[in-house]
Amino acid sequence: MKYPKILILSGIYDFSTDDICVELEKRKTEYLRLNLENISQFSIQMFPQKAFIRVSYKNSVWLLTKQTLHSIFFRQPVFLRNTPSKPLTKEEQLYKSQWMAFTRGLMIFNQAKWVNFPQSVYLAESKPYQLYIANQIGFSTPKTIIANCSIPQNFENEIIIKSIDTVYLKNGKYNYFAYSNILKVSQLNDYELQFAPFMMQKLLTNKTDIRVTIVGNKIFSHKILSDTIIDGDWRKIPKEKLKYIEITLSNEIKQKCLKLNRILNLNYSAIDLVESNGKIFFLEINPTGEWGFLNYDNNIHLEAVICDYLES
């Protein structure tokens with residue numbers, strides 16, 4: 001019988017979670033990892049009134065209780081986020097909907113330290129809402145409009161167009177991911193936009209991208225640089241051509257980042273800022289943002305920092 005101190009909810013291809021598990025193994029910390037793609041391989045019994053769960057697999061049994069479960073690492077808030085390449089069977093639809101409801105039900109462990117609590121994640125993932133809050137607390141934000149039609153010609157000459165939520169599509173054996181793209185307002189037309197709304201923002205020129213990673217009250221800030229000028233989405237550039245240089249933000253920007261986390265009730269976040277013509281702009285906050293790539297060029301190990309927080 002095992003009483004894990006940490007519960008990890010993730011996916012089988014989440015390599016950042018792999019780093020967390022390796023670190024916990026080194027520390028000999030008792031944990032249980034459930035990957036949502038194959039969670040049905042476990043036999044699970046939940047007793048909601050008592051906040052008690054029994055998990056068994058082959059000859060192993062784990063008990064999750066309010067007294068022994070210290071923290072929950074919640075890495076996959078949207079259940080298997082992708083568009084299927086073919087219609088789902090009735091069984092597949094049932095599997096997805098009910099296991100998604102079950103993972104939400106783990107909020108019965110509201111005494112545990114969550115990274116991050118599901119309710120907070122769902123709220124913070126809304127780009128319109130996070131932009132609204134960032135603007136309210138004093139961040140500079142780029143001029144923004146969300147629409148499914150062409151926008152006024154006098155909005156801006158050049159804009160960057162983004163999805164409101166992560167776009168990850170499947171078509172047969174091919175996967176498609178949507179990046180941000182630079183366009184002129186005159187290139188937009190109602191026919192192409194009407195099918196779905198998009199986020200359109202003023203293009204920030206002479207920019208430097210900044211990634212701010214927050215774990216608890218610890219802040220790690222990095223400029224994202226390349227040998228060439230990064231005009232649009234830095235994720236389009238091959239990883240081997242990017243450098244992540246640790247920097248120190250002003251105390252004012254640090255406090256705004258921490259305040260944003262507090263308002264959104266987040267214990268972890270990845271915040272994207274931009275320095276443009278001497279001014280810092282807020283772009284977005286991701287409550288489940290990636291961090292592993294920051295370890296490569298820097299003498300930091302964020303998996304250790306996250307494990308410290310989960311265990312503290």
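Arg-33 pairs up with Asp-18 in a salt bridge, with 2.7 Å between the closest N and O atoms (a salt bridge being a side-chain nitrogen of Lys or Arg within 4 Å of a carboxyl oxygen of Asp or Glu). Since Arg-33 sits in strand E2 (residues 31-35) and Asp-18 in helix H1, the pair ties together parts 15 residues apart in sequence. Helices (H or I, at least four residues) and strands (E, at least two) are DSSP runs, numbered from the N terminus. Arg-33 counts as buried at 18% relative accessibility, while Asp-18 is partly exposed at 28%; buried means under 20% relative accessible area, exposed over 50%, and partly exposed in between (1.4 Å probe, protein chains only).

The model is predicted: local features need pLDDT of at least 70, side-chain atom pairs count only at pLDDT 80 or more, and totals for chains, interfaces and linings use all residues. Residues are numbered from 1 along each chain as its sequence is written, and side-chain values use heavy atoms, leaving out hydrogens and water.

A search of the whole structure turns up 12 salt bridges. Among them, Arg-211 meets Asp-272, the closest N and O atoms lying 2.8 Å apart. Arg-211 belongs to strand E14 (residues 207-215) and Asp-272 to strand E17 (residues 268-276), so this pair ties together parts 61 residues apart in sequence. Arg-211 is buried at 8% relative accessibility, and Asp-272 is buried at 16%. Elsewhere, salt bridges with shared partners join Glu-23, Arg-27, Asp-308 and Glu-311 into one network.

As for helix H1 (residues 15-27), Phe-15 lies in it and is exposed, with a relative accessible area of 58%.
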